[in-house]
Amino acid sequence: GYAKLLSESADVLQDLKKYDTETGIIKNATLVSLGTFKTTAYCPCRSCSEGYGRLTKTGTQATASRTVAVDPRVIPLGSHLLIDGVEYIAEDVGGGVKGKHIDIFYNTHSETKNHGVERSEVYLIQS
């Protein structure tokens, strides 16, 4: 109840102190290049999410501009990544996500089609 909410609020405030509002990146973080990855996109629709909707492998709700699916043999789940200037969290896996491939979550199918297939340098954010 209330104690948990206070604890979570304290955690959020602590995280905000570490957050650089200019760059949108955690202060004093080290960026480690993981190389160039193929990036694709998915949404909560049945064909994209294999029927899982917004539920991720880690139990969170997939959120645009935050959630990506990875191959956990390449990038551990829970990792914070920087891709094209946006910080994501590796919260999900996908049947077709193998090797140096990342699937970026979007809210709509039209956005996933718009993303298409790209190649981007991926950085691990170490705080």
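Is aspartate 71 buried or exposed? Aspartate 71 is buried, with a relative accessible area of 4%; buried here means under 20% relative accessible area, with a 1.4 Å probe and protein chains only.

Before I continue, a word on the basis of these values. This is a predicted model, in which local features need pLDDT of at least 70 and side-chain atom pairs count only at pLDDT 80 or more, while totals for chains, interfaces and linings use all residues. Residues are numbered from 1 along each chain as its sequence is written, and side-chain values use heavy atoms, without hydrogens and water.

Aspartate 71 lies in the loop between strand S4 (67-69) and strand S5 (80-83), strands being DSSP runs of E of at least two residues, numbered from the N terminus. Beyond residues up to four places away in sequence, aspartate 71 touches Val97, Lys98, Gly99 and His101, where contact means heavy atoms within 4.5 Å.

Let me turn to the strands. Six of them form a closed barrel in the order S3-S7-S4-S6-S5-S8, with mixed pairing; two strands pair if DSSP finds at least two bridges between them. S5 and S6 are antiparallel and share four bridges. Within that pair, histidine 80 has isoleucine 89 of S6 as its bridge partner.

Terms used
Buried means under 20% relative accessible area, exposed over 50%, partly exposed in between (1.4 Å probe, protein chains only).
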